[in-house]
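Open the viewer and keep the selection tool at hand. This tour goes stop by stop, telling you what to pick and what is there.

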Amino acid sequence: LPAVGSSLNVFGLWCSDPRRLRLVSLPALTAWMIYSVLVGSVWSLAVNAASVSSILFALIRDAKAKKSL
């Protein structure tokens, strides 16, 4: 799981499109969240959950903004 999360993060760093970066980050963060549960790291799980929430909020915000144009 760490290898999957890290690989997706590296791929995300090459994305110049913010939406694509967010979409790549979601599965990476999901892999890290599963790993955090397996190793019992509550703080890492909390930080990753906050990141996922932030990304989802941004995706919804951008979709609404695009729709209103």
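The stops below run from the whole chain down to single pairs of residues.

**Before you start**

This is a predicted model, in which local features need pLDDT of at least 70, side-chain atom pairs count only at pLDDT 80 or more, and totals for chains, interfaces and linings use all residues. Residues are numbered from 1 along each chain as its sequence is written, and side-chain values use heavy atoms, with hydrogens and water left out.

**Stop 1: the whole chain**

Show the protein chain as a cartoon. You will find 3 helices and 0 strands. Read from the N terminus, the order is α-α-α. Helices (H or I, at least four residues) and strands (E, at least two) are DSSP runs, numbered from the N terminus. Select 2-13 for helix H1, 18-39 for helix H2 and 42-68 for helix H3.

Now turn the model around. Its C-alpha atoms fill a box of roughly 45 × 25 × 10 Å along the principal axes.

Accessible areas come from the Shrake-Rupley method with a 1.4 Å probe; for residues, only the protein chains shown count as cover. How much of the chain is buried? Buried residues make up 23% of the 69 residues. Buried means under 20% relative accessible area, exposed over 50%, and partly exposed in between (1.4 Å probe, protein chains only).

Contacts come next; a contact means heavy atoms within 4.5 Å. Take those between residues at least 6 apart in sequence: 49% of them join residues at least 24 apart.

**Stop 2: the core**

Select Leu26, Leu29, Val52, Ile55 and Leu59. These 5 residues are the largest nonpolar core. H2 and H3 are the elements that give two or more residues to this core. Which element gives the largest share? H3 does, with 3 residues. A nonpolar core is a set of buried Ala, Val, Leu, Ile, Met, Phe, Trp, Tyr and Cys residues joined through side-chain atoms within 4.5 Å.

Stay on Leu59. Leave aside its neighbours within four places in sequence, and Leu59 is in contact with Arg19, Arg22, Leu23 and Leu26.

**Stop 3: the salt bridges**

The whole structure has 2 salt bridges. A salt bridge is a side-chain nitrogen of Lys or Arg within 4 Å of a carboxyl oxygen of Asp or Glu.

Select Arg22 and Asp62. They form a salt bridge, with the closest N and O atoms 2.7 Å apart. This pair links distant parts of the chain: Arg22 sits in helix H2 and Asp62 in helix H3, 40 residues apart.

Shared partners join Arg22, Arg61 and Asp62 into one network. Asp62 is partly exposed, with a relative accessible area of 31%. Arg61 is partly exposed too, at 41%.

The C-alpha atoms of Ser51 and Asp62 are separated by 16 Å, and the two are 11 residues apart along the chain. Ser51 counts as partly exposed because its relative accessibility is 28%.

**Stop 4: the aromatic pair**

Move to Trp32 and Tyr35. The model has 1 aromatic pair, if rings of Phe, Tyr and Trp (its six-membered ring) pair when their centres lie within 6.5 Å. The ring centres of Trp32 and Tyr35 are 5.9 Å apart and the planes stand at 85°, so the pair is edge-to-face. Planes under 30 degrees apart count as stacked, over 60 as edge-to-face and the rest as tilted.

Both residues lie in helix H2, 3 residues apart, about one turn of the helix. Trp32 is partly exposed at 23% relative accessibility, and Tyr35 is partly exposed at 32%.

**Stop 5: the surface patch**

Together they form a nonpolar patch on the surface with about 460 Å² of accessible area. Patches are made of residues with over 30% relative accessible area and no salt bridge: like charges are joined within 9 Å, nonpolar side chains (Val, Leu, Ile, Met, Phe, Trp, Tyr) within 5 Å. Leu1 sits in the segment before helix H1. Its relative accessible area is 41%, so Leu1 is partly exposed.

**Last stop: Ala3**

Pick Ala3 in helix H1. Is Ala3 buried or exposed? Ala3 is exposed, with a relative accessible area of 55%.
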